[in-house]
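Have a look at the sequence and the model first.

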Amino acid sequence: MDKQIKRRRGGPRTFNREEAIDIAMRLFWRHGYEGVSLNDLTAAIGIAPPSLYAAFGSKAELYREALDRYAGIPGALLNLDAASTQDEVVAAILRQGADAVTDPEGERGCMVSSGMLQCAEEHASLALAVSKRRDAMREAISEALGRWLDPDRSKSLARFLVVVLQGMSVQARDGATRGELEEVIEEVLRIHRVG
């Protein structure tokens with residue numbers, strides 16, 4: 001990963017904070033929170049631990065900022081209002097999700113879907129924050145489906161679609177291609193039409 005480090009005359013080195021968040025996001029996305037050490041972060045960003053703490057407060061706070069940055073990357077919930085039928089919105093969610101988890105510009109899989117599923121006890125509050133992001137994704141899908149379905153049915157279908165999206169994320173991490181995920185999507189759409 002490219003990094004931009006500058007030395008000020010007579011002072012400590014500085015770094016590009018936004019780029020540091022991008023670097024951290026990639027590391028956390030690829031290896032998970034517990035798979036990235038403070039040394040990994042400081043080496044990749046090009047700063048000493050005290051500078052990281054001064055800029056972000058802690059590794060956990062940097063992770064939270066990385067999650068916020070990740071949330072700004074196009075994913076499975078774009079332009080759902082443009083769909084004119086329930087089938088169109090389901091297909092859009094699944095296809096955009098498959099695009100996101102196999103995008104060659106990013107890492108494989110979804111940082112939120114697979115983030116903090118298991119963790120040490122001292123990171124439980126951070127895991128809860130990631131879980132809430134997964135809940136928010138499910139609620140957004142349910143809301144999009146609510147244009148056609150009653151609340152209970154939209155919640156149920158949203159949960160099903162999130163399970164599929166999370167499964168596609170894992171499959172992408174394991175090397176599944178976009179074409180292979182399209183086969184999964186076609187199966188889901190067949191089941192959805194029959195049901």
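How are α1 and α4 oriented to each other? They are roughly perpendicular (angles of 65 to 115 degrees count as that). Before going on, a word on the source: this is a predicted model, where local features need pLDDT of at least 70, side-chain atom pairs count only at pLDDT 80 or more, and totals for chains, interfaces and linings use all residues. Residues are numbered from 1 along each chain as its sequence is written, and side-chain values use heavy atoms, with hydrogens and water left out.

**The overall layout**

The protein has eight helices and two strands. Starting at the N terminus, the order is β-β-α-α-α-α-α-α-α-α. Helices here are DSSP runs of H or I with at least four residues, strands are runs of E with at least two, and both are numbered from the N terminus. The C-alpha atoms fill a box of roughly 70 × 30 × 30 Å, taken along the principal axes.

The domain assignment, which is an automatic or database one, gives domain 1 (17–71) and domain 2 (75–194). Their centres, taken over C-alpha atoms, are 25 Å apart. The contact between them (heavy atoms within 4.5 Å) takes 15 residues from domain 1 and 20 residues from domain 2.

**Helix against helix**

Two packed helices are described by the angle between their axes and the distance between the axes. The axes are lines fitted to C-alpha atoms over the stretch in contact, and angles run from 0 to 180 degrees between N-to-C directions.

| Helix pair | Angle | Axis distance |
|---|---|---|
| α1 (residues 17–31) and α4 | about 90° | 8 Å |
| α4 (residues 59–71) and α6 | about 10° | 11 Å |
| α6 (residues 124–145) and α7 (residues 151–173) | about 130° | 8 Å |

Take α1 and α4, packed at about 90°. Among the residues making this contact are Ile-21, Met-25 and Phe-28 of α1 and Leu-62, Tyr-63 and Ala-66 of α4. By class, there are nine nonpolar, no polar and six charged residues. Nonpolar means Ala, Val, Leu, Ile, Met, Phe, Trp, Tyr, Cys and Pro, charged means Asp, Glu, Lys and Arg, and the others, Gly among them, are polar.

Next, α4 and α6 pack at about 10°. That makes α4 roughly parallel to α6 (the cut-off is under 35 degrees). The contact includes Tyr-63 and Leu-67 of α4 and Leu-126 and Val-130 of α6. Its residues divide into seven nonpolar, one polar and three charged.

**A note from the record**

UniProt places the feature "DNA-binding region" at residues 37–56, in an unreviewed entry. Over residues 37–56 the chain is 80% helix and 0% strand, and the end C-alpha atoms are 15 Å apart.

Methods. UniProt positions are given in the numbering used here, feature names are shortened, and annotations may be inferred rather than shown by experiment. Angles under 35 degrees count as roughly parallel, over 145 as roughly antiparallel, 65 to 115 as roughly perpendicular and the rest as oblique.
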